[in-house]
Amino acid sequence: MLDAIITAASTVLQPENLLALTSGVLIGAIFSAIPGLTSTLALALLLPLTYSMPADTAFVIMIGMMGGGLYGGLLTATTLGIPGAPGSVATTFDGHPMFRKGQGGLAIGWATVASIVGGTISAILLMFGAIQLARVALSFGPPEMFALTIFGMVAVVSLSNDLTKGAVAGVVGLLLGTVGIDLLGTYRFDYGIREMIGGMPLLPAVVGLFALVKVFQSMSNLQPGRVTNETQEFGDTRMRLPPLRDVLSKWKTLLRGSLIGTFIGFLPGAGGNIASFTAYNVEKRFSKNANEFGTGTPDGIIAPESANNATPGGSLIPTITLGIPGDQFTAVMLGGFIIHGLPVGPLLFRDHSDIIYVIFATTFLMNFLFLPVGWFGSMVVVPLARLRESLLIPIIAAFSMAGLYSIAATPSNISIAMIFAVIGLVAARLDFPVAPLILGLILSRLMEDGMSQSLILSGGDWMIFLQRPISLGFVVLAIAFLTAPTFIAWRTRIAKAKAG
Amino acid sequence: MTSQLDRLAGIALLAFSIGTLYAASQLRPAPTGYPVGSSTFPTILGWLLAGLSVWLIMRKARAVESRSRLLSWRAAVGFGLTILYIVSFRQIGFLVCTFALLVAYAALLQKDRLRLIDTALVPLVSTLAVFGLLRILNVPLPRALLL
């Protein structure tokens, strides 16, 4: 097997394939860095062009776009506080505060290292454990998916400063996620808007809650000549890698994030969005400096980015072994297999193992291209963040509007984004967190499908969620996460009372 | 004392949850032999939100950090112009409308004096850049009065 991987690596390193890989990573990163555009859109547009390419080159460019798409979002998330892609939302929590402290280059450096480590670990797991991991994925039924989504939701809500407001935001997100056609084929709450029939679109929500809110908040809090970020006096303009000693000291955070990303990646329907949120929350629980999260701590960047970039290995596992896409990107990528006349599933392993190993090798090698992409990307994006608001905001608005329009070639997605901008402005005014709202929107469909299918299986018996070990484990974890802040506060009060 | 704004938010959310429960009750009930229907999940969420809203209204006061402003007149104008943009760019055209919106944004973001580079040049370059991007992506733009 190792020989086959080395042969495949030498194929990937041939000049034409290396050029294809670099182009793929760059295209993916650019599309991912612009709010409203996604690497999935880029793949959908470029997929027909791969028809004339040899199969190995086509898959090299597709995998490159996948990796670049997961990586690029961190650039704008860190520098502007606007996630280029939904998977980078959690990176804004500490990446942007670190940038505002004048350590933007270092923040991008940490995120890049985490992306490389996460991607590499997940690629290794993909190479040596694809079949075994696919079996684990198959053991994940509806009760486990439901329990996982409950755990993810509770974990994010429990991080809120105000638990009630966090829970409200999460429930509102889940409710907004019920819009559109459901499992039984009923049209719900779409009010005839075509774009909402398939469900509340996520991208307009992210653009509305982050990019458009920034546009209107800048107009509201206008100060003459103010720059977007108060970092003009700092010299940290380019990606700065952290010292190796510091990286090694973070091995636990890197490993946890990478394993969470790989694990969540191979669950059909889940993806980088859920992985990055979960990793951030788990890391905050494990951290001795939990109170530093949200103020610009490297751990708050490493965890979500390593998890986000570890998802390709995971999401490729069910795609190539079972033909079940792990996320939107791999769903479009299945079209690539059809274009090149390749079967997916066991037949691919038996008849086209050369392509399998090219995919494995590319998934591994693409991670190292994040270094130059991050270097050049920071040179473009960091100076943007130093522009006057009157210069930067119209640029953000222009690309956001274009990105939203390009989704369906209609202005309705801009309208949806405007509704979310209103929600975001009201939430900011009333101190409601938006992270649970976004996660609620992402998880709603998975949660409802898991709940409905489980209850159909059990004949309406809710105990099904406690009778299976994996789902029981997630339920116990969810309860622990929900009660931990209250328990810690109670113990602190007792300790203070004793001392005072 | 509970913050007045939180109490108002709680009342608005309670109204929203009641609306949700009503809308959910209008959905198709569970098919015969099925324990769940289209209304099950929204109904559970509606009740959960109603409970949280009541708690938000009733609970004790909490220390509130500095609150951001909702909208100044500038942001309200920007918001209104964006709605106008959405409504009109199919009729007037993408290039003209986008350029006009960006000029307005840039003007609304300047207080003392309007700089030519901010108000005209950057909106023009940004508009042309996104126009080029949409053409490269083969995204169909509306055939309108002015481009």
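A:Asp431 counts as partly exposed, with a relative accessibility of 28%. This is a predicted model. In it, A:Asp431 lies in the loop that joins helix H19 (412-429) to helix H20 (435-458) of chain A. The points below cover backbone angles and the interface of the two chains.

**Backbone angles and accessibility**
- Most residues other than glycine have a negative phi.
- A:Asp431 has a positive phi, near 60°, and is not a glycine.
- A:Phe189 also is a residue other than glycine with a positive phi, here near 50°.
- The loop that holds A:Phe189 runs between strand E2 (187-188) and helix H8 (194-197) of chain A.
- A:Phe189 counts as buried because its relative accessibility of 16% is under 20%.

**Extent of the interface between chain B and chain A**
- On the chain B side 70 residues are in contact with chain A, and on the chain A side 68 residues are involved.
- About 6100 Å² of area is buried between the two chains, and carbon and sulfur atoms give 76% of this.

**Polar and charged pairs**
- Three salt bridges are found across the interface of chain B and chain A.
- A salt bridge links A:Lys165 with B:Asp6, and their closest N and O atoms are 2.8 Å apart.
- Twelve residue pairs, both residues at pLDDT 80 or more, are in polar contact between chain B and chain A.

**Make-up of the chain B side**
- Helices H1 (4-25), H2 (40-58), H3 (73-92), H4 (94-108) and H5 (116-136) of chain B each give two or more residues to the side that touches chain A.
- By class, this side of chain B has 46 nonpolar, eleven polar and 13 charged residues.

Terms used. Residues numbered from 1 in each chain as written. Chains lettered and ligands numbered in written order. Predicted model: local features only at pLDDT ≥ 70, side-chain atom pairs only at ≥ 80, totals over all residues. Heavy atoms only, no water. Contact = heavy atoms within 4.5 Å. Buried area = accessible area lost by both parts, 1.4 Å probe. Salt bridge = Lys/Arg side-chain N within 4 Å of Asp/Glu carboxyl O. Polar contact = N/O pair within 3.5 Å; in protein donor to acceptor, adjacent residues only side chain to side chain. Helix = DSSP H or I, 4+ residues; strand = E, 2+ residues; numbered from the N terminus. Nonpolar A, V, L, I, M, F, W, Y, C, P; charged D, E, K, R; others polar. Buried < 20%, exposed > 50% of the residue type's maximum accessible area, 1.4 Å probe, protein only.
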